[in-house]
Amino acid sequence: DKSEDEEEKVNLAYLMAENLSKMKHRDFYIDFCDRLNPILALLLATKDSKLRRKVIIAFGWVGSDREADILSNRMLTDEDELCRAWSASSLMQMSYHRVGKKILQEKTKDVFIDAITVEKDIYAKGIKIEAAQTIFDKKWISSSAVENICSEKIEKAGKSAITFLNKIC
């Protein structure tokens, strides 16, 4: 709070989240995560997309189911395609840290349908599909197809993902 430098604040919060993610077994983990999340939420308002990406990634490490809603919104509305992509990836990261897959599945099913459907950036779409397949325990696309930005494979995987997500209750 004492720093006026937005970049310094974001970098410090990012570092704190990264370190906390490695201390899940410690007694203070949940309390410290809960104290950091409101700070991250405030920092998410930055206009600098590179800094916003760091905040989004940090949420993946320390966010709770409340922050899953923030990331879901960013996955749909952020003007930066990498912020949208990292929001999906951070939702996936949450499943490895503080939020169970069942909760994420319930909270994000409809959001992933919309996010994959409307995404124009093919790389961001691939990242969203890859995150959804992890959260929903499916396999629609390989990481290499996303990394190599194989448009045809990403589009095909997107259709499969949407079909599956529309079918589940």
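Threonine 163 is partly exposed, with a relative accessible area of 43%, where buried means under 20% relative accessible area, exposed over 50%, and partly exposed in between, using a 1.4 Å probe and protein chains only. This threonine is found in helix α9, and a helix here is a DSSP run of H or I with at least four residues, numbered from the N terminus. The C-alpha atoms of threonine 163 and isoleucine 113 are separated by 8.9 Å, although the two residues are 50 residues apart along the chain.

Before I go on, please keep in mind that this is a predicted model, in which local features need pLDDT of at least 70 and side-chain atom pairs count only at pLDDT 80 or more, while totals for chains, interfaces and linings use all residues. Residues are numbered from 1 along each chain as its sequence is written, and side-chain values use heavy atoms, with hydrogens and water left out.

Let me turn to how the helices pack. Two packed helices are described by the angle between their axes and the distance between the axes. The axes are lines fitted to C-alpha atoms, for helices over the stretch in contact, and the angles run from 0 to 180 degrees between N-to-C directions.

Helix α7, residues 122-135, and helix α9, residues 151-167, have axes that come within 10 Å and cross at roughly 45°. That makes α7 oblique to α9, since angles under 35 degrees count as roughly parallel, over 145 as roughly antiparallel, 65 to 115 as roughly perpendicular and the rest as oblique. In this pair, Ile122, Lys125, Gly126 and Ile129 of α7 meet Ser151, Ile154, Glu155, Ala157 and Gly158 of α9, with contact meaning heavy atoms within 4.5 Å. Those residues divide into four nonpolar, three polar and two charged; here Ala, Val, Leu, Ile, Met, Phe, Trp, Tyr, Cys and Pro count as nonpolar, Asp, Glu, Lys and Arg as charged, and the others, Gly among them, as polar.

On its other contact, with α6, helix α7 has an axis that comes within 10 Å of the α6 axis, and the two cross at roughly 155°. That makes α6 roughly antiparallel to α7. Among the residues that meet are Leu104, Phe112 and Ala115 in α6, and Lys128, Ile129 and Ala132 in α7. The residues of this contact divide into eight nonpolar, three polar and three charged.

Which loop holds glutamate 119? Glutamate 119 lies in the loop between α6, residues 101-118, and α7, and this glutamate is buried, with a relative accessible area of 5%. A polar contact of 2.6 Å joins the side chains of glutamate 119 and lysine 128, a polar contact being a pair of N or O atoms within 3.5 Å, where within protein one must be able to donate a hydrogen and the other to accept it, and residues adjacent in sequence count only if both atoms are side-chain atoms. Not counting residues up to four places away in sequence, glutamate 119 touches Arg84, Ala124, Lys125 and Lys128.

Alanine 115 is found in helix α6, and at 0% relative accessibility alanine 115 counts as buried.

Finally, helix α3, residues 49-62, and helix α4, residues 65-77, pack at an angle of about 140°, with their axes 10 Å apart, and α3 and α4 are therefore oblique to each other.
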